[in-house]
Amino acid sequence: MEERRQEVRNSLIEQLILKGMDSAVFIDLADKYMEFWDIVQALNEFIGEHGATYQERTSSGNLVTKNNPAMKDLIGANRQMLAILNQLKIKPGNIAQPPMEGDTL
């Protein structure tokens, strides 16, 4: 997992460098993205272990199915990650590519 985390962070930083956005403020945003990445991994693990729903008895003794609150947290964390990518101007359609040998800038 740590190796995958490092790959994701390196990819973000590489994108920032290629876009000329490798100042401290953007690097900090990339690190914030990684904090949310860690949270999403933990939430996914928790949901995998406990499920998207759980059953609980009401005060009257009836068994009811409830949504796992981690699902809402996961959606919120993913939303924040997408907002950070938007601020970093990183979208699937505009991934910066390193210049090819012989290309002029």
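**Group meeting: helices, a hairpin and some salt bridges**

Hi everyone, let me start with a lysine: Lys-32 has a relative accessibility of 36%, so we call this residue partly exposed. Before I go on, please keep in mind that this is a predicted model.

What does Lys-32 pair with? The partner is Glu-35, in a salt bridge whose closest N and O atoms are 3.9 Å apart. Both residues sit in helix α2, 3 residues from each other, which means about one helical turn separates them. As a reminder, an α-helix has 3.6 residues a turn, so residues three or four places apart point the same way. Glu-35 is also partly exposed, at 42% relative accessible area.

That pair is one of 5 salt bridges in the structure. Another joins the side chains of Asp-38 and Arg-5, at 2.7 Å from N to O. Here the two ends belong to separate helices, Asp-38 to α2 and Arg-5 to α1, so the bridge ties together parts that lie 33 residues apart in sequence. Is each end buried or exposed? Asp-38 is partly exposed, with 33% relative accessible area, while Arg-5 is buried, at 18%.

Along with Arg-5, its buried residues are Val-8, Leu-12, Ile-13, Gln-15 and Leu-16. Looking down the axis of α1, you find these buried residues within an arc of 155°, so they line one face of the helix. What covers them? The cover includes α2 (24–50) and α3 (69–87). After α1 comes Gly-20, with a positive phi near 70°.

Now to the strands. Strand β1, residues 53–57, pairs with strand β2, residues 63–67, in the antiparallel sense over 5 bridges. Arg-57 stands opposite Leu-63 of β2. The hairpin has 5 residues between its strands, and Gly-61 has a positive phi there, near 95°.

There is a salt bridge here too: the side chains of Glu-56 and Lys-66 meet at 2.9 Å, N to O. Glu-56 is in β1 and Lys-66 in β2, 10 residues apart, and the pair links these distant parts of the chain. Both ends count as partly exposed, Glu-56 at 32% relative accessibility and Lys-66 at 35%.

Definitions and conventions. Residues numbered from 1 in each chain as written. Predicted model: local features only at pLDDT ≥ 70, side-chain atom pairs only at ≥ 80, totals over all residues. Heavy atoms only, no water. Pairing = 2+ DSSP bridges. Helix = DSSP H or I, 4+ residues; strand = E, 2+ residues; numbered from the N terminus. Buried < 20%, exposed > 50% of the residue type's maximum accessible area, 1.4 Å probe, protein only. Arc of directions from axis to C-beta. Contact = heavy atoms within 4.5 Å. Salt bridge = Lys/Arg side-chain N within 4 Å of Asp/Glu carboxyl O.
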